[in-house]
Amino acid sequence: MSTASIAMDDTVDPPLRPLPERAVALLARVDAPPRLVAHLRAVHDVAAQLVDWVQRHCPGLEFDANAVLFGAATHDIGKAVHVAELSGPGARHEEAGRELLLNHGVEPWLARFAGTHASWTAAGTGVEDLLVSLADKVWKDKRVPELEDLIVGRLAGVDGRECWEWFLELDEILVGIGEGAGRRLAWQMSQPLARR
């Protein structure tokens with residue numbers, strides 16, 4: 001199966017949105033392994049769900065939805081270089097991914113997600129970075145209270161509602177997203193780890 005097929009063809013179980021065309025072209029250029037493309041598609045789909053939810057529930061929160069979606073679709077592109085990190089631990093893919101994106105003409109404000117998706121407490125972290133980080137965790141039903149608290153704080157800072165109220169609302173969407181984790185993981189794992 002080609003990169004474009006994994007990234008864009010209709011899926012039934014789970015139903016996943018296709019990746020943005022620009023991301024698909026980048027993944028093809030770097031010869032991304034099929035499992036990496038599948039992972040990025042799953043995270044991108046969750047990011048789209050989060051973006052939709054935030055836009056509906058907190059319309060006053062200003063953020064770049066397209067940047068979140070592109071960031072989710074490319075955040076682990078460095079694993080095309082550090083392939084061992086697809087199935088094992090490691091953080092070398094973060095800076096490698098940022099550099100790879102920059103070298104392929106991606107603007108720095110979009111390439112940053114490859115480096116920031118695992119460092120949500122760093123100074124200057126924007127709501128876009130937090131949403132990409134959250135999508136990268138919750139797609140597999142992993143909950144990170146510190147990350148969720150940062151997002152709740154941003155939401156509460158916009159409309160003045162109490163943090164606990166936002167926590168309850170965020171928790172509801174994250175539980176719902178988490179329910180599909182097994183199907184997303186099975187679909188990702190059904191894709192070959194190695195390039196063809």
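Hi everyone, let me start with a term: a residue is buried when its relative accessible area is under 20%, exposed when over 50%, and partly exposed in between, using a 1.4 Å probe on protein chains only. By that rule, helix α3 is mostly covered, with 19 of its 24 residues buried. Helices here are DSSP runs of H or I, at least four residues, numbered from the N terminus.

Some housekeeping: this is a predicted model, where local features need pLDDT of at least 70 and side-chain atom pairs count only at 80 or more, while totals for chains, interfaces and linings use all residues. Residues are numbered from 1 along each chain as its sequence is written, and side-chain values use heavy atoms, leaving out hydrogens and water. The chain's average pLDDT, the predictor's confidence from 0 to 100, is 94.

Instead, look at Q191: the R35 side chain reaches its backbone oxygen at 3.0 Å. R35 also touches residues including Q188, M189 and P192, where contact means heavy atoms within 4.5 Å.

And D76? Its side chain meets K79 in a salt bridge, at 3.4 Å from N to O, and both residues are buried.

Note on methods: A polar contact is a pair of N or O atoms within 3.5 Å; within protein, one must be able to donate a hydrogen and the other to accept it, and residues adjacent in sequence count only if both atoms are side-chain atoms. Helices (H or I, at least four residues) and strands (E, at least two) are DSSP runs, numbered from the N terminus. A salt bridge is a side-chain nitrogen of Lys or Arg within 4 Å of a carboxyl oxygen of Asp or Glu. Lists of a residue's contacts leave out its neighbours within four places in sequence.
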